[in-house]
Amino acid sequence: MIESDPSAVLAVALPSLLRQNMPARTRNAIEEHVDMDGELEVLHEDRVQGSRFVYKLKAFGLDYSLNFKKNPPTHLNSGTRVRVRGVRVNTTLALDSAASVQAMAAIAPNTFGEQRTLVILVNFRNNTSQPYNVGYATNLFNSTSNFFLENSYGQTFLSTTMLDWKTIDMDALSSNCDYNLIASKADTAATSAGVTLSNFRRKVYAFLSASDCGWWGLGSVGGNPSRASINGSLQLRVAGHEMGHNLELWHSHSLDCGAVVLGGTCAVGEYGDTVDILGATANHYNALPAPLWTIGKEQVAIRPKLSLFAGAARRHMTGARRGIQFVNGKIFVR
Ligand SMILES: [Zn+2]
């Protein structure tokens, strides 16, 4: 119930004093108001319909799922030390909103230079087919590295260790899309093959299509190590997208406001940016991620009027600059 309707759980949770006075066996099955410290993990499941962010708290050696009544946090990355306030039943928490999550300590982003990446190709004990070979996968991650180089103006690249197909001890279609278990078993297989997992800041699990997952890719937003899972077809579009999440990037949306430029009833397209791999196509990250890397930033002294904007933008779009950003009423050319 917490996952589907956290607001209902928040509304009916018993006061702490009443709960304390119950027998222990009863008490454990009843929701509890808690403050908990731990490490946040933010994941995104990418699918055409029903894509969603998943929030977890790692504490006491367990994963607690965090379910928000409204407005979940969009400013915190995986690995952030947090204190959360909510109502707990077993390992599931209902929370009100982003305000229920207090950041205690952030981890430093690492978006520069060599990104040591482990890629494990995974199939299942009831389906050991290999839809592509290790050469194809190696070339794909070389392309992904080049994609990073292009986006970062030559500052970031992948150093990839590719592990050929490993068969893990679970069935493809009865896994209930337990991507944590798939990753854990793949890690074990990698260790058995002599790989030292702690050498890698980024891990990618490319597995044979498990149709009960429903998504194409899943990526942690940030994280050390970050992780990405690719379900089925291995393409730049999904690898660059999920590893974009790993670089702490969120989605690139669109606004459709009908006949007006901006209004109060605009429809948001989750993947609406048609020229961005964090949107709908395999093109470069847009200008907003530029602060990830070091490039020139220049404030342009023009008013944000469309007629002036176009001309000024053209004059300043020289050299490596390729984007326009509005910040607090000012325009930046990046
Ligand atoms: Zn995504």
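Two residues count as in contact here if their C-beta atoms, placed from the backbone, lie within 7 Å. With that in hand, meet a predicted model, in which local features need pLDDT of at least 70, side-chain atom pairs count only at pLDDT 80 or more, and totals for chains, interfaces and linings use all residues. Residues are numbered from 1 along each chain as its sequence is written. The protein chain has seven helices and 16 strands, where helices (H or I, at least four residues) and strands (E, at least two) are DSSP runs numbered from the N terminus.

**The chain overall**

- Of its 334 residues, 34% are buried; buried is the word if 20 or more other C-beta atoms lie within 10 Å of a residue's own, exposed if 12 or fewer, and partly exposed in between.
- Take the contacts in the protein chain with a separation of 6 or more: 63% of them join residues 24 or more positions apart.

**Helix α4**

- Helix α4 covers residues 134–151, and its 18 residues should span 26 Å at 1.5 Å a residue, which agrees with end C-alpha atoms 26 Å apart. The expected span is 1.5 Å times one less than the number of residues.
- Buried residues in α4 include Ala-137, Leu-140, Phe-141, Phe-147 and Phe-148.
- Looking down the axis of α4, the buried residues fall within an arc of 155 degrees, so they line one face of the helix. That arc is taken from the directions from the helix axis to the C-beta atoms.
- Turned away from that buried side are the exposed residues Gly-135, Asn-139 and Glu-150.
- The buried residues of α4 pack against β7 (113–124), β8 (156–168), β9 (202–207) and α6 (236–246).
- Tyr-153 follows α4 and has a positive phi, near 55 degrees.

**Where α4 meets α6**

- The axes of α4 and α6 come within 10 Å and cross at roughly 50 degrees. Axes are lines fitted to C-alpha atoms, for helices over the stretch in contact, and angles run from 0 to 180 degrees between N-to-C directions.
- α4 and α6 are therefore oblique to each other; angles under 35 degrees count as roughly parallel, over 145 as roughly antiparallel, 65 to 115 as roughly perpendicular and the rest as oblique.
- From α4, Leu-140, Phe-141, Ser-143, Thr-144 and Phe-147 meet Leu-236, Ala-239, Gly-240 and Met-243 of α6.

**Helix α6**

- Nine of the 11 residues of α6 are buried, so the helix is largely enclosed by the rest of the structure.
- Among those buried residues are His-241, Glu-242 and His-245.
- They pack against β1 (32–46), α4, β9, β10 and β11.

**Helix α5**

- α5 (residues 179–192) has 14 residues and reaches 20 Å from first C-alpha to last, close to the 20 Å expected.
- Its buried residues are Tyr-179, Ile-182, Ala-183, Lys-185, Ala-186 and Ala-190.
- Down the axis of α5, these sit within an arc of 165 degrees, so they line one face of the helix.
- Ser-184, Thr-191 and Ser-192 are exposed on the other side.
- The buried residues of α5 are covered by elements including β7, β8 and β9.

**A buried loop residue**

- Asn-77 lies in the loop between β3 (62–68) and β4 (81–89).
- Asn-77 is buried, with 24 other C-beta atoms within 10 Å.
- Leaving out residues up to four places away in sequence, Asn-77 touches Val-42, Val-221, Gly-222 and Glu-248.
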